[in-house]
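Please look through the sequence and the 3D structure shown here before reading on. The paragraphs that follow take up the ligand and its surroundings, then the domains, and finally some details of the backbone.

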Amino acid sequence: MVAKSSKKTGVVYLVGAGPGDPELLTVKGQRLIKEADVILFDKLANDEILMLAKKKTEKLYVGKKAGFHIVPQSEINRKLVELAKAGKKVVRLKGGDPFVLGRGGEECEYLKKHDVPFEIIPGISSILGVTAYAGIPLTHRDYADNFAVATGHQSVINETKKLSVPKADTLVYLMGVTNLPNILEALQAAGYKDTMPIALIERGTTKHQKVATGTIKNIQSKVKKEGIEPPALIIVGNVVKLRKKINWFI
Ligand code: SAH
């Protein structure tokens, strides 16, 4: 018979790292990173946040490399359980907010199934942080009273699944840079005019922030000119025009 471990199960903290600027990390997230025994992290817009951890804290990269997950999600799930069962204080650090297009929900389901306690520490999603630093308000009395968020990646991973064009005044697409031509096509098919303003923001809130603004008709050449690459946010709507007046960061 194997002796039952006397170790108490640890806790997994799903921490939102915010969009990039390290000062946009929450106070609670910062404390947990400093206290962690081990941190599993994705590709972050800014590595400075990891430097907050103790030297002896184990730091495991489980994000993507060249578009592919170097560690499959099932393995990340198993690792989280294994580490927590060994009594560790585990931080699962995710860019932006853990519950926005980051598979945080799936990880929680798995932890629950295996009786591992967890907590969720929300983060400032790129949806809010990147638009704020780009000077593009998601709503504005004159232009938009609602906004919607969608993945711009869908049609790449599953060609039978159509890219969604939500009905909203402002649209925000995440993970859409490489799929930009399809997104533009989907917008036009949904009735968007060629003159509709659109912006792409790469690595927003960091000193590497790059922005391209234009219209559905000319944005592809602007993106090329500015050399915009992932990770970037795509914003579609008349609010994009406000950047001219509101732009305040770099
Ligand atoms: N959970 C994250 C989103 C994960 S999906 C959040 O709440 O922000 C990853 C996508 O988020 C990227 O492809 C990009 O579209 C967007 N993103 C994240 N950080 C960004 C940044 N600093 N600048 C621009 N886009 C960013």
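Helices (H or I, at least four residues) and strands (E, at least two) are taken here as DSSP runs, numbered from the N terminus. The model is a predicted one, in which local features need pLDDT of at least 70 and side-chain atom pairs count only at pLDDT 80 or more, while totals for chains, interfaces and linings use all residues. Residues are numbered from 1 along each chain as its sequence is written, and side-chain values use heavy atoms, with hydrogens and water left out.

The ligand is surrounded by 18 residues, of which P19, V100, S125, S126 and A232 are the closest; a residue belongs to this shell if one of its heavy atoms lies within 4 Å of the ligand. Two elements, α4 (126-134) and β12 (232-236), each supply at least two residues of the shell. By class, the shell divides into 11 nonpolar, 5 polar and 2 charged residues, where Ala, Val, Leu, Ile, Met, Phe, Trp, Tyr, Cys and Pro count as nonpolar, Asp, Glu, Lys and Arg as charged, and the others, Gly among them, as polar.

Turning to individual atom pairs, a polar side-chain atom of S125 lies 2.8 Å from an oxygen atom of the ligand, and a polar backbone atom of M175 is 2.8 Å from an oxygen atom of the ligand. A nitrogen atom of the ligand, in turn, has a backbone N or O atom of G204 at 2.8 Å. Of the 550 Å² of accessible area that the ligand has on its own, the protein covers 88%, with areas taken from the Shrake-Rupley method with a 1.4 Å probe.

The centres of the two domains, taken over C-alpha atoms, are separated by 27 Å, and their contact (heavy atoms within 4.5 Å) takes 8 residues from domain 1 and 12 residues from domain 2.

Two backbone details remain. The peptide bond from P230 to P231 is cis, with omega near 0°, and P231 lies in the loop between α7 (219-226) and β12. L101, in the loop between β6 (89-94) and α3 (104-113), has a positive phi near 45°.

Definitions and conventions:
A polar contact is a pair of N or O atoms within 3.5 Å; within protein, one must be able to donate a hydrogen and the other to accept it, and residues adjacent in sequence count only if both atoms are side-chain atoms. Domain bounds come from an automatic or database domain assignment.
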